Amino acid sequence: MPKQILFACGHTACAGCGQAIAARLVIETAGTNTMVVNNTGCLEVFSTKYPESSWGVPWIHSLFENAAAVASGIEAALKYLGKEDIQIITQAGDGGTADIGLQALSGMWERGHNILSICYDNEAYMNTGVQRSGLTPFDSDTATTPYGKQSFGNPTLKKPVPEIALAHIIPYVATASVGFPQDLQRKVKKALSIKGPKYLQIHVPCPLGWRHTPNLTYKVARLAIETGLYPLIEYENGALSSVRKIKPLPVEEYLKLQGRFKHILNSPEQIKKIQEIANNNIKRYNLLIQEETPSSSI
Amino acid sequence: MREFLEGSQAIARAVALCRAGVVAAYPITPQTHIPEGLSEMVANKEISAQIVNVESEHSAASVVLGAAATGVRAYTATSSQGLLLMSEVLFNIAGLRLPVVLTCANRAVSAPINIWNDQQDSISLRDSGWIQLYAENIQEAVDLHIIAYRVAEEKNVMLPAMVCVDGYTLTHGWEAVNLPEQQAVDKFLPPYNPLYKLDINNPLTLGFLADSDYYMETRFAIQKSHQEALKALLEIFQEFNKYFSRDYQNGLIETYRTQDAEKVIVAMGSVCGTIKDAVDVLRKKGKKVGLLKIITFRPFPAEEIYGALKKVSKVAVLDKALSLGGQAPLYSEIRSVFFGKKSAPKFIRSFVAGLGGRDITLDSIINIFNKLSLKETKEEFLDLKPELLQEKL
Amino acid sequence: MFGPIFTKPLTSKNNKTGSWRTTQKPKFLQKNCIACKMCVLICPEGCIEGEQKNTYHCDYDYCKGCGLCVEVCPKQDIIMVEESQNL
């Protein structure tokens, strides 16, 4: 039986765009009984340039920071109409989630609306020309944190939005990656089966902003996880319910594929700092695959 | 049914009568009693609206945007800083052609912070595409909310509407009001049935990116729809009179004893009540004076204003707001009505009063009428305190 | 009066992004395919279809030539060829 298309071809995303992969997987998993609210960003721009739209579900874009609030209004309206079974998803980039969009999200989480919020984390304001955001990683070269005589790029760590979400005591918080598409789909399905606010942060490489060839999107995404730099975690009702365990690769394997980190490849000190970030993640979430001990082989 | 009510409570009852389905508001003085009233009605099961207690005005406006886009009648209320904070969303709502209704409890804007009444907040949003109606008293405030939903939801209008009520004066004042019966309101204001909405059975894309090839026509269309709104309001006010026996003349403006007036003050909002009293006092003394009250500020009823003032020789425009660095807003718009016209007042003079809630007294108004006799044509601030001004710090 | 106010669903199909390709395009060999569907999952355009083994192919009207399908195929059953090659 032909699958109903909910995110059509013909959108103007860059070749190899991680966000396009993720957005299509999200809506295909969610299905037709879904309304989508999108913040301003790459996804909104490349999927709805008039007179064309890629979307096969009801979709609305208002402003940069208010998808969570618009969605709250849609949820209230559907409640008023007695149509609470319709799924509502908000979508935003890392800027629209962690920076300008944080207030609306916080309010929506606190009020407990039955809405899934997706963050497409490509780690900078890509649509406006690769400026740094609160989710830009340490030492990343961006237009507003360029490396130079006295700079190694972005000087701060990623804002821990999943932890902020957890602090709001919402029933489901998880991270995902286009390097693990089936896991992504599983998490979307899981999230939508839970009532209340849900947050899913998806790591999506950006060939243009991260400066790698389009065909490396999958590999780069996987390396982010396999080095421990981007933990794949899942929290249900505040308790860590799953992590993707790894045999950690050195962070250089990940960094060397991307132009945005080229400037630190010759700096052992900077690489050490980034390795520390990965090591902290590995420790914190217990990401190490346990070695088999003699007793366990029975 | 005639009741003695606080203005905010009367407005809340009017919104309830309009069967608003989603209400989202953030507290700001002096609007607070309105959403409080609605919350109480919901808590006591008197109405079935969904209340969303948002974390800022920007989100309040966004919530009602989402609700209206889903096909449910929505309502919010704010003042001053709140209106300015949500201003980006208000432009968005107008651009999306969603018929949301908002109460602006007119209040001065910061800085300095001031909680008292003037009209700077709503006047600053006159470019937004919203219909703007100004109430003189609490009865009008009630009626204008019902009319606001009706005109906003007209199929050839589909624009959001703001009902402006002077903060404290009308929100916290008490008046005997006639609240219409629910049945009559239901007949006058049919259920909200938008031309397009978020619908699983018809999955449309709203809020797309429109580049230079497509943007301009959307604005032209809103301009045209404001013209349609002018026509629609004339009919709606007539119909309102039939249903509820309250005559607002043409509803766009109200003329008070302007027939043979030599001097007329033009104003909006509650100050018109004081001006009517001043007119009566002076008329008793044989002075030929009158008031032109603007009820509908957007769309701007240029034709009706022209008709009312073209034979009046001396006009004063009373602004409770400024366009800092330029001419006072209402004044500049009234003036522009007459450019190039055969008949026009001899002069039109600008008076700025009441900013930050400074009282506008009967004597202040009588003073304006007296000043219209002099040759002075410069803008004048009423009841200014020069002792508070300093050239140098 | 209304200007542009909403867009109909799935109308992006009118935009044939296959014209973006300049040098290379994927060729689905359909020899060793195990129908793992990784290519279907990873394509940013969503223009790859298939059900049984060796039935997978892309829609060249929309394929932008990113090469991700080639990278993810566990059987190397997809290769990049010159754009000019007849398939």
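This is a predicted model: local features need pLDDT of at least 70, side-chain atom pairs count only at pLDDT 80 or more; totals for chains, interfaces and linings use all residues.
I started with chain B: residues 24 or more positions apart account for 80% of its contacts with a separation of 6 or more. For a contact, the two C-beta atoms, placed from the backbone, must lie within 7 Å. Residues are numbered from 1 along each chain as its sequence is written, and chains are lettered from A and ligands numbered from 1 in the order in which they are written.

The rule itself is 2.2 Å times the number of residues to the power 0.38. I noted 54% of the 393 residues in chain B as buried, meaning 20 or more other C-beta atoms within 10 Å of the residue's own, all placed from the backbone.

Next I looked up chain C, with two helices and five strands, in the order β-β-α-β-β-α-β from the N terminus. Its radius of gyration is 15 Å, well over the 12 Å that the globule rule gives for 87 residues, so chain C is more spread out than a compact globule. I have 40% of its 87 residues as buried.

Then the A–B side: 36 residues of chain A are in contact with 36 residues of chain B. On the chain A side, α3(A) gives the largest share, 12 residues.

I zoomed in on that helix. Helix α3 of chain A (residues 67–81) packs on helix α3 of chain B (residues 57–69) at about 45 degrees, with the axes 6 Å apart. Axes here are lines fitted to C-alpha atoms over the stretch in contact, and angles run from 0 to 180 degrees between N-to-C directions. That angle makes α3(A) oblique to α3(B); under 35 degrees is roughly parallel, over 145 roughly antiparallel, 65 to 115 roughly perpendicular, and the rest oblique. Among the residues meeting there are A:Gly73 and A:Ile74 in α3(A), and B:Val63 and B:Gly66 in α3(B).

Terms used
Helices (H or I, at least four residues) and strands (E, at least two) are DSSP runs, numbered from the N terminus. A residue is buried if 20 or more other C-beta atoms lie within 10 Å of its own, exposed if 12 or fewer, and partly exposed in between; C-beta atoms are placed from the backbone.
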